[in-house]
Each structure stands twice: as C-alpha cells, then as structure tokens.
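Dear colleague,

Please find below the structure that I am handing over to you. My notes on it follow directly after the coordinates.

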Amino acid sequence: MPFDVNFIARLIPALLEGAVITVELAVLTFLICLVWGLLVALAQATRGPLRWIAGGYIQAMRTTPLLIQLYIIYFGFAMGGFPLSGFMSGLLALCIQNGAYVAEIYRGGLQSISQRQFEAGRALGMRRWTLYTTVIMPQVMARVIPPMTNQAISIIKDTSQVAAIAVMEMMKVAEVWVESSANTYDVFAGVAIIYLVLTSIAGLIGKAAEHRLAFAQ
Amino acid sequence: MTLLNPLLHSYWYLFRGAGMTLLMAGASVVPATVLGLLLALVHVFGRGTARATLQVYLFIVRGIPLLVLLTFVYYLLPLTGIDLPPFWGVVVVMSLYYAAFMSEVFRAGIESLPQAQWDAARSLGMQRHLLMRIIILPQALRLAAPPFVSLCANLVKATSLVSIVGLWELTMASREVVERTLAPFQIFLGAAAIYFCICYAMALYGRYLERRSLVGH
C-alpha cells in the first residue's frame with residue numbers, strides 16, 4: 001500500500017537516523033580529503049620519486065571501483081589481522097578514493113595560476129612557504145570551489161555504497177525497511193528526497209563559499 | 001606463490017566476469033551517448049518547458065545516488081509487471097543516469113566554442129542543422145572527447161554497483177570466488193587489477209585524444 005500515513009510516520013525517524021550516519025561519513029570524508037588531496041597535489045608538483053608515487057596513487061584510485069576498495073579494506077584487512085569496523089572501513093575507502101579526485105582538482109587549480117606569479121614572488125625574495133600561503137593558495141582555493149562542490153555532492157552519493165558492508169547508513173536502513181515491509185515506493189521516495197535535500201544543501205554551501213571568496217579572483 | 005594460489009585457480013572466472021562488465025558498460029554507453037547529445041542540444045536550443053524539464057531531470061539524477069536508482073528498479077520492476085530481464089533494467093537505469101553527465105560534457109564542448117563561429121556560419125546563410133552538422137558539432141565533439149572518455153571509465157567503475165542488486169559481473173564473480181576460497185585480499189586485488197587495465201586503457205586513449213584535439217587548434 002503506497003502512501004500509508006502510519007507507515008511513513010514510523011519510516012521518517014528511522015531514515016533520518018540513517019541520514020545522520022550518511023552525513024557524518026560525508027562530512028568527515030570531505031574534510032579529510034581537503035587536507036589529504038592537497039598533500040597529494042603538492043607531492044605531485046615536486047620533482048623526484050614523490051611525484052611518481054602520487055601520480056600512481058591517483059591513477060590507481062581513478063581506475064578501480066570504490067566498491068572493490070571497500071571490500072579489500074573491510075574483508076581483506078580482517079583476514080590480514082587488522083579488523084576495522086564497518087564505519088572506519090567505509091571512511092577509509094571513501095577518503096582514499098575521493099582524495100585522488102580532490103588532488104586532481106587542486107592540481108587543476110595550481111596549474112591555472114600563471115607562472116609569472118611564482119616568478120614575481122621569488123623575485124621579491126619570498127620564501128616558498130610565504131609565497132604559497134599568502135599568494136598562491138588563496139587564489140587556488142577560490143578557483144577550486146565549484147569543482148570541490150561537485151566532489152562533495154559526489155561524496156554524499158558515494159556514501160550509499162558503504163551499505164554493502166552493512167554500515168547502517170540511510171541506504172542500508174532503506175534496504176532493511178523494504179525487505180521487512182515490502183513498501184518499496186514509500187521507502188525509496190523518502191530516501192531519494194533526503195538525498196536530494198542533502199546534495200542541494202551541499203550545492204548551496206558551495207554557492208555561498210563561491211560568493212564569499214569572490215574577492216580572491 | 002601459495003599466497004597467490006586462489007587467484008591463479010580462478011582468474012578465468014574473473015575474466016568471464018570482466019567480459020560481462022564490458023558488455024554491460026558497452027550496452028549502456030551507446031544509448032547514454034545518444035541521449036546525452038540530444039539533451040545537450042535541448043539545453044542549447046530548448047526554450048520554456050523543454051528546458052525546464054531538462055533542468056528537473058538533471059537535478060534529480062545529480063542528486064540521487066546511482067545505487068538508490070538501481071535498487072529501486074530492482075525492487076520495483078517485478079511489481080509493475082513489466083517483464084524486463086534484470087540486465088536490461090540495469091542498462092536502462094545506467095543509460096538514463098549517465099546521459100545526464102554526458103549532456104553536461106557535450107554542452108560544455110558546444111558552449112566553449114567562440115560566438116564568432118556561430119555568427120560566421122549564420123552570416124553565410126547556413127540553416128541551423130547544417131551549421132550544427134558541419135561547423136559546431138565536429139569541433140565541439142573533439143573538445144568533449146577527453147572528458148567523455150573519462151566519463152566512460154567512470155561508467156565501467158559504476159557497473160560494479162549492479163553486483164549489490166544481484167547481477168553477475170566482475171565484482172559479483174570475485175565475491176563468489178572469495179566465498180569459496182576465503183582469500184578476499186588476493187581475489188579483490190585481482191579484480192581491482194582487471195578494472196585498472198580496462199580503465200587505464202581508456203585513460204590512455206583519452207590522453208591521446210586530448211593531444212590530438214590540441215594539435216587541431
């Protein structure tokens with residue numbers, strides 16, 4: 001029976017409980033990736049072995065599915081004697097996969113800064129640290145906001161895959177409810193609406209950040 | 001070598017899974033590309049309702065995880081009485097989902113051409129479809145080729161999700177082998193290596209296209 005009011009009244013709190021885990025996973029992943037991706041991008045801008053390691057990491061992540069990485073971390077690590085909880089495995093897999101995409105975004109931002117700015121900074125006798133923190137990075141940050149927003153939205157959507165290792169985030173909650181109630185329409189309509197709300201909020205935050213940092217352009 | 005034994009005994013099974021993955025990805029890529037191109041044209045030329053409908057479609061597809069849509073169809077199809085084999089159900093969902101992203105890629109290609117191209121063609125008295133066919137699309141498609149290829153690699157990765165709704169392909173095959181051999185680390189790494197080979201080949205081809213498109217300008 002679709003649109004059964006009593007059912008929906010019980011369903012919504014359960015889905016929101018799952019949505020809290022979804023949001024926790026997505027926010028933690030995004031924050032860790034912002035730092036981790038920057039480190040990878042900077043490593044890729046150096047010369048020497050670090051560059052190859054970073055490049056290989058990015059390529060490996062971009063060419064293998066998140067789901068396989070989840071399985072390797074969740075089942076493989078347990079077999080090797082490092083059992084991780086579902087949440088931690090999910091977080092780790094989400095971070096290593098999305099970190100590669102975030103690093104690519106930073107790389108694009110760094111490359112879009114004209115070479116003359118680096119030269120000008122050096123000509124003024126700036127140290128590398130000062131040059132990066134006061135001149136280069138503020139501009140990079142402002143430029144990467146639109147693709148970063150897309151990546152944040154993509155991270156929110158990716159968290160649904162963590163359901164495959166039985167983390168009780170929204171997607172897993174939905175599956176349990178569908179299987180116990182057979183009320184497919186209501187459950188999936190609810191899940192879809194909550195995901196749309198979450199991704200829209202991420203989009204709006206991105207727009208606001210773009211507006212705030214417009215001065216750095 | 002004993003460590004790799006499970007993999008050496010089952011690689012043929014994994015290759016057959018990879019064949020299924022390629023078949024599924026190939027069957028989805030073609031309709032996704034055609035529909036994506038049509039949607040891009042709607043975005044460029046469409047007015048009023050057509051354009052508003054497209055915006056709603058893009059909003060929905062970009063805001064809801066593919067896994068949710070796949071699971072929805074998996075539970076829903078038997079209820080609606082449409083007798084579609086699961087393989088084709090998945091292909092329909094993947095095509096509709098990726099068409100949205102394809103349309104963004106093609107639209108960006110079309111919009112990045114200078115206005116002067118349109119003006120010049122119009123001032124020569126070209127009709128719209130002639131203008132599109134011999135001036136705009138050849139250039140736009142060339143510009144769109146590199147992101148298109150990376151989107152295709154993304155689609156190959158995304159086919160791993162259908163294993164969650166019970167379809168047999170590479171990820172499902174590797175899960176079956178893991179259940180028999182209890183060697184998750186080796187088998188999933190083997191599956192990751194196969195995905196890597198498929199997607200890396202596509203990435204190399206994308207890079208080749210990128211170089212060619214730069215030469216053409």
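In chain A, 41% of the 217 residues are buried, that is, have 20 or more other C-beta atoms within 10 Å of their own C-beta, with C-beta atoms placed from the backbone. The model is a predicted one, in which local features need pLDDT of at least 70 and side-chain atom pairs count only at pLDDT 80 or more, while totals for chains, interfaces and linings use all residues. Residues are numbered from 1 along each chain as its sequence is written, and chains are lettered from A and ligands numbered from 1 in the order in which they are written.

Chain A contains eight helices and zero strands (DSSP runs of H or I with at least four residues, or of E with at least two, numbered from the N terminus). The C-alpha trace of chain A spans about 70 × 45 × 20 Å along its principal axes.

Helix α1 of chain A covers residues 5-45. Its 41 residues reach 57 Å from first to last C-alpha, close to the expected 60 Å (1.5 Å times one less than the number of residues). A kink of about 30° in α1(A) is centred on Cys33(A); the bend is the angle between axes fitted to the seven residues ending at a residue and the seven starting there.

Chains A and B each bring 28 residues to their contact (C-beta atoms, placed from the backbone, within 7 Å). On the side of chain A that touches chain B, α8(A) gives the most, with eight residues.

Kind regards

Conventions. A residue is buried if 20 or more other C-beta atoms lie within 10 Å of its own, exposed if 12 or fewer, and partly exposed in between; C-beta atoms are placed from the backbone. Two residues are in contact if their C-beta atoms, placed from the backbone, lie within 7 Å.
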